[in-house]
Amino acid sequence: MKKGREIQQVASNLMSFFVKRLSLILLAGVMVIFVGGKFDVASASQPNAESEIESLSVCYALGTDAIGSGNLSKGIETYQKCFTPDAKITAIFPNGAQATFIGAVSWANFVASVFTTNGYTATQHLLGTFDIDIKNNTATMSSYLHATHKISDTSIDVANGTYVDKVVIQRGKWLIKERVLTLIDFLNLSSPGSPQAQASSAARSSNSDSNTSSDDSDEPHRPHVPGYM
């Protein structure tokens, strides 16, 4: 009898041990499920997420300046690291005209056409004043643009504007899904004494003498966007 009670006691202890162990395993599983379900939301709000999103603007600037240097293929390759495959990209020009393109390749070809038409030999795009708002796995980002487009050693075109982006996570990476560029100006600046500045001065003088108004005479060079400006 004594031996039987000992066996029963051992069995009871083992059963209690396994029940406790199983309870701990189940509790751990519930915690993993709960924490896992919140992981994307929590991680998306961390500072590193803002840094990753902000870096998309750096990516875009590098791609654009690769095109500005004449390397369209590198520009496309870089853009594809910034945008989703179906990204919608819209440019709104100072005169109110708009252009919308789908995908990095389409936008890169448009940028290349603008740069080629205006004879740019190099470009430099500076972006800053980032405002990022993250909600779960999507975010919005606005940033300011100051872009320099070199025509010659004495003449540049300058563009200023604002980008507004919708950013999403795809395949574990933040990418731009929608981008709207609103330009507030797109102007030519020439050094005093340069042929461009002299032509502009002569045109203004001629315009004053004839008492006529002509946008073309006041601006011998004006940045041109094929089909839009």
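When I say two residues are in contact, I mean they have heavy atoms within 4.5 Å. Keep that in mind, and keep in mind too that this is a predicted model.

Which residues does Ile 89 touch, leaving aside its neighbours within four places in sequence? Here they are: Phe 83, Ala 99, Thr 100, Phe 101, Gly 103, Trp 107 and Arg 179. Ile 89 has a relative accessibility of 1%, so we call it buried. Look at Gly 103 on that list as well: it sits 14 residues along the chain from Ile 89, and the two C-alpha atoms are separated by 7.5 Å.

Okay, stepping back to the whole protein. You've got six helices and six strands. If you read along the sequence, the pattern goes α-α-α-β-β-α-β-β-β-β-α-α. There are 229 residues, and 34% of them count as buried. And if you take the contacts between residues at least 6 apart in sequence, 57% of those join residues at least 24 apart.

Now, a pair of helices. H3 is residues 72-82 and H4 is residues 104-117, and they pack with their axes 9 Å apart at an angle of about 140 degrees. Roughly antiparallel would need an angle over 145 degrees, so these two count as oblique to each other. The crossing of H3 and H4 is right-handed. Who makes the contact? On the H3 side, it's Leu 72, Ile 76, Tyr 79 and Gln 80. On the H4 side, we have Ala 104, Val 105, Trp 107, Ala 108, Asn 109, Val 111 and Ala 112. Sort the residues of that contact by type and you get nine nonpolar, two polar and no charged.

Staying with H3 for a moment, let's talk about the disulfide. The count for this model comes to one, and it joins Cys 59 to Cys 82, with the sulfurs 1.9 Å apart. What does that link tie together? Cys 59 lies in helix H2, residues 47-68, and Cys 82 lies in H3, so the pair connects parts that are 23 residues apart in sequence. The angle about the S-S bond is -90 degrees, which makes the link left-handed. Both Cys 59 and Cys 82 are buried.

Next stop, strand S4, where you'll find Ser 143. Is Ser 143 buried or exposed? Its relative accessible area is 1%, so Ser 143 is buried. Leaving aside neighbours within four places in sequence, Ser 143 contacts Ser 57, Leu 127, Gly 128, Thr 129, Phe 130, Gly 161, Thr 162 and Tyr 163.

Most residues other than glycine have a negative phi. Asn 136 isn't a glycine, yet its phi is positive, near 55 degrees. You'll find Asn 136 in the loop between strand S3 (122-135) and strand S4 (138-152). With a relative accessible area of 46%, Asn 136 is partly exposed.

Then there's Arg 171, also not a glycine, with a positive phi of about 50 degrees. Arg 171 is in the loop between strand S5 (155-170) and strand S6 (173-190). Its relative accessible area is 69%, so Arg 171 counts as exposed.

Terms used:
Residues numbered from 1 in each chain as written. Predicted model: local features only at pLDDT ≥ 70, side-chain atom pairs only at ≥ 80, totals over all residues. Heavy atoms only, no water. Axes fitted to C-alpha atoms, helices over the stretch in contact; angles between N-to-C directions. Helix = DSSP H or I, 4+ residues; strand = E, 2+ residues; numbered from the N terminus. Parallel < 35°, antiparallel > 145°, perpendicular 65-115°, else oblique. Left-handed = near helix turned anticlockwise from the far one by under 90°. Nonpolar A, V, L, I, M, F, W, Y, C, P; charged D, E, K, R; others polar. Buried < 20%, exposed > 50% of the residue type's maximum accessible area, 1.4 Å probe, protein only. Disulfide = S-S within 2.5 Å.
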